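Please look over the sequence and the model shown here before reading on. The notes that follow take up the DNA surfaces, the relation between the copies and the contact between the chains.

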2 protein chains.
Amino acid sequence: MKIGELARRSGLSAYTIRYYERIGLLPYADRDRAGIRDYDASILTWIEFLGRLKTTGMPIRDMVRYAALREEGAGTEAGRRELLERHREQVRVRLAGLSACLRVLDDKIAGYAGQTTRSTHNDKRQPERRRRRAG
Amino acid sequence: MKIGELARRSGLSAYTIRYYERIGLLPYADRDRAGIRDYDASILTWIEFLGRLKTTGMPIRDMVRYAALREEGAGTEAGRRELLERHREQVRVRLAGLSACLRVLDDKIAGYAGQTTRSTHNDKRQPERRRRRAG
DNA sequence: CCTTGACTTGGAGTGCGCTCCAACCCGTAG
DNA sequence: CTACGGGTTGGAGCGCACTCCAAGTCAAGG
């Protein structure tokens, strides 16, 4: 598979794929005689996983660290696991923070109750105390 | 309250506070004869709310839009509410995505089971199907 | 042979959200 | 009077994660 098809199948742009290779997020791809990258379908699994790490807010430098361990292969499992576990904790914390903010947002919106916007989910939570001009 | 104290109390840097004023996130603060900003404690509530919007991933330009409506005052409630409701939906979606990724992360970590890392939370979810050498 | 189009490279440019700087002003303590 | 420790401004610089470009190579089709 050439870079164009991988781009289509992975959802990344060809630019991004090359960039990821440059910085070590993707392994250096085999080139044919013309110097053109030839990808195996298995790379898609890895890209998908990278996507998860990205979605969960892992900075690229940490992803690169993980990718390096993965490239190194056997003997790095403990390190990879540790990295993932640390990240998981951060995700848990962010998730909790996000949920808390969501509740505040719900309250705030409830404070604007009665305005004529098409009401989505407005019945989910009654406006316990309404703040007027609170921001 | 001068900018230094507000910085300490809000957790923002003085740099950031000035920047927020420049771009319209914070209202233009009254200056004394020496040109020094004098803040009312009520600004803290607003900054805290801005923090929530930021935590939930609202881009600054949207925060600026909301801040502008707030500045405009009465008559903008519907717009503000709409903005917040749209944002809330996005937060809900991100929250769901994040939870899904967290589960994948859990599975992945379970795949590294047995390695000697101090085990945090490893008993929370049994490794239903373990992937070997999956990344 | 010539064009087309997908690919190659190193490096420059972009948008975001700050972060910091130079040069200056002001009020208070010693 | 002087030094100090705040504050002020406009604008430059930074780190991140891309995004794009110029100039070139190559394979296939007409």
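Which element gives the largest share of the surface near DNA strand D? That share, 3 residues, comes from helix 2 of chain A, where helices are DSSP runs of H or I with at least four residues, strands are runs of E with at least two, and both are numbered from the N terminus. This is a predicted model, in which local features need pLDDT of at least 70 and side-chain atom pairs count only at pLDDT 80 or more, while totals for chains, interfaces and linings use all residues. Residues are numbered from 1 along each chain as its sequence is written, and chains are lettered from A and ligands numbered from 1 in the order in which they are written.

**Surface near DNA strand D**
- At least two residues each are supplied by helix 2 and helix 4 (60-72) of chain A and by helix 1 (3-10) and helix 2 of chain B.
- By class, this surface divides into 8 nonpolar, 4 polar and 6 charged residues, with Ala, Val, Leu, Ile, Met, Phe, Trp, Tyr, Cys and Pro counted as nonpolar, Asp, Glu, Lys and Arg as charged, and the others, Gly among them, as polar.

**Surface near DNA strand C**
- Around DNA strand C there are 18 residues, of which Lys2(A), Gly4(A), Arg37(A), Tyr19(B) and Ile60(B) come nearest.
- Helix 2 of chain B gives the largest share of this surface, 3 residues, and the surface has 8 nonpolar, 4 polar and 6 charged residues.

**Relation between the copies**

**Contact between chain A and chain B**
- The contact takes 32 residues from chain B and 31 residues from chain A, two residues being in contact if their C-beta atoms, placed from the backbone, lie within 7 Å.
- On the side of chain B that touches chain A, helix 3 (43-55) and helix 5 (77-111) of chain B give two or more residues, and the largest share, 19 residues, comes from helix 5 of chain B.
- That side of chain B has 13 nonpolar, 10 polar and 9 charged residues.

Methods: Near = placed C-beta within 6 Å.
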